Amino acid sequence: MIKEIFNIKALVLENIKLNPYTFRLILRAPEIASSVKPGQFCMLKVRDQLSYDPLLRRPFSINRVENKDIHILYRVVGKGTKYMSNLSKEDQIEILGPLGNGFKIIKNKINILVAGGMGIAPISFLTSSLPKDKTIVIVGAANKEELFDIDYIKNQGYSLFIATDDGSMGKKGLVTEILKEKLDELLLDKGNKDIVVYSCGPYPMLKNLANICKRLKIDAQVSMEAKMACGIGLCLGCVVSKNDGGFLHVCKDGPVFDVNEVNWS
Ligand SMILES: Cc1cc2nc3c(=O)[nH]c(=O)nc-3n(C[C@H](O)[C@H](O)[C@H](O)COP(=O)(O)OP(=O)(O)OC[C@H]3O[C@@H](n4cnc5c(N)ncnc54)[C@H](O)[C@@H]3O)c2cc1C
Ligand code: FES
């Protein structure tokens, strides 16, 4: 099936500061809102019309869809995201998407969603496709100020477990420790064929999660990040090693991969 990709000028509705370096950008983008799937991303032109810096568009996951609008949850780390943080209501921003392959929803399973840091962005969107009574969400961050969408997930009625590095909210420790506990509990009465894990977060967390799921033979999909120049498979800028040799393009083959596709060594 050919996927339609739109290049549009989206209207900024809100750009909400959540903490000193994290923002929620709400854009009116009806074409993208009506077609994007959880786990897909967009490339944003993060510069003024008259400027060429930064030249390349930047990739961002879709964090939420509300009617004609999309939400992007982002952290300011460099020039492009600094530009985004200065956008105000009524500004416009050029946006290309939806891009890549999102999460493949496997029906009638117990879903465990695991998010680390800004990895909450696509995981939060994924909840909207999964049944509340069969879904557990595990969210981790450095501290409670770095946790986002907690109330959004809780208010929808999902079982939520939190881990922070400093113990300021939830369990002190790593999300993968909670994942192991939940898997041990569930495996006793469900068996590994009835569980699927979906995740997004920093590479070391995903590697740890992949090792756990591969050892227990549990289906798992991870959304990965890479530096991207084009976002559509043309520049070879975003490759990761494939398990059976060769390379995968994060933008075109991913960003969501089965853990068994990736070479984690
Ligand atoms: C598919 C995908 C989805 C993403 N979704 C989100 C999201 O929802 N929210 C969000 O805040 N960020 C997300 N990112 C990361 C985001 O694209 C980068 O933070 C952004 O491009 C940085 O642009 P910049 O110009 O501000 O920083 P730059 O000046 O380009 O870089 C500043 C610093 O950030 C590092 N950096 C840049 N890009 C990445 C990257 N892709 N991964 C890791 N480190 C990087 C650089 O090495 C450098 O140290 C996503 C990345 C990908 C590939
Ligand atoms: S970003 Fe160009 S090939 Fe993936």
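I took contact to mean heavy atoms within 4.5 Å, and axes as lines fitted to C-alpha atoms, for helices over the stretch in contact, with angles running from 0 to 180 degrees between N-to-C directions. Helices (H or I, at least four residues) and strands (E, at least two) are DSSP runs numbered from the N terminus. The model is predicted, so local features need pLDDT of at least 70 and side-chain atom pairs count only at pLDDT 80 or more, while totals for chains, interfaces and linings use all residues. Residues are numbered from 1 along each chain as its sequence is written, and side-chain values use heavy atoms, with hydrogens and water left out.

Sheet. I found an open sheet of 7 strands with mixed pairing, in the order E11-E10-E9-E8-E12-E13-E16, where two strands pair if DSSP finds at least two bridges between them. Its edge strands, E11 (171–172) and E16 (256–258), each pair on one side only. Strand E8 (residues 110–116) runs parallel to E12 (residues 195–200), joined by 6 bridges, and Asn 111 stands opposite Val 196 in E12.

Helices. I noted that H3 (residues 120–127) lies across E8, E9 (135–141) and E12, at about 155° to E8. Helix H6 (residues 203–216) packs on the sheet and touches E8, E12 and E13 (219–223), its direction making about 170° with that of E12.

Cysteines. I counted 0 disulfides, a disulfide being a pair of cysteine sulfur atoms within 2.5 Å. The sulfur of Cys 42 is too far for a bond because the closest cysteine sulfur, in Cys 251, is 13 Å away.

Technical notes: Chains are lettered from A and ligands numbered from 1 in the order in which they are written.
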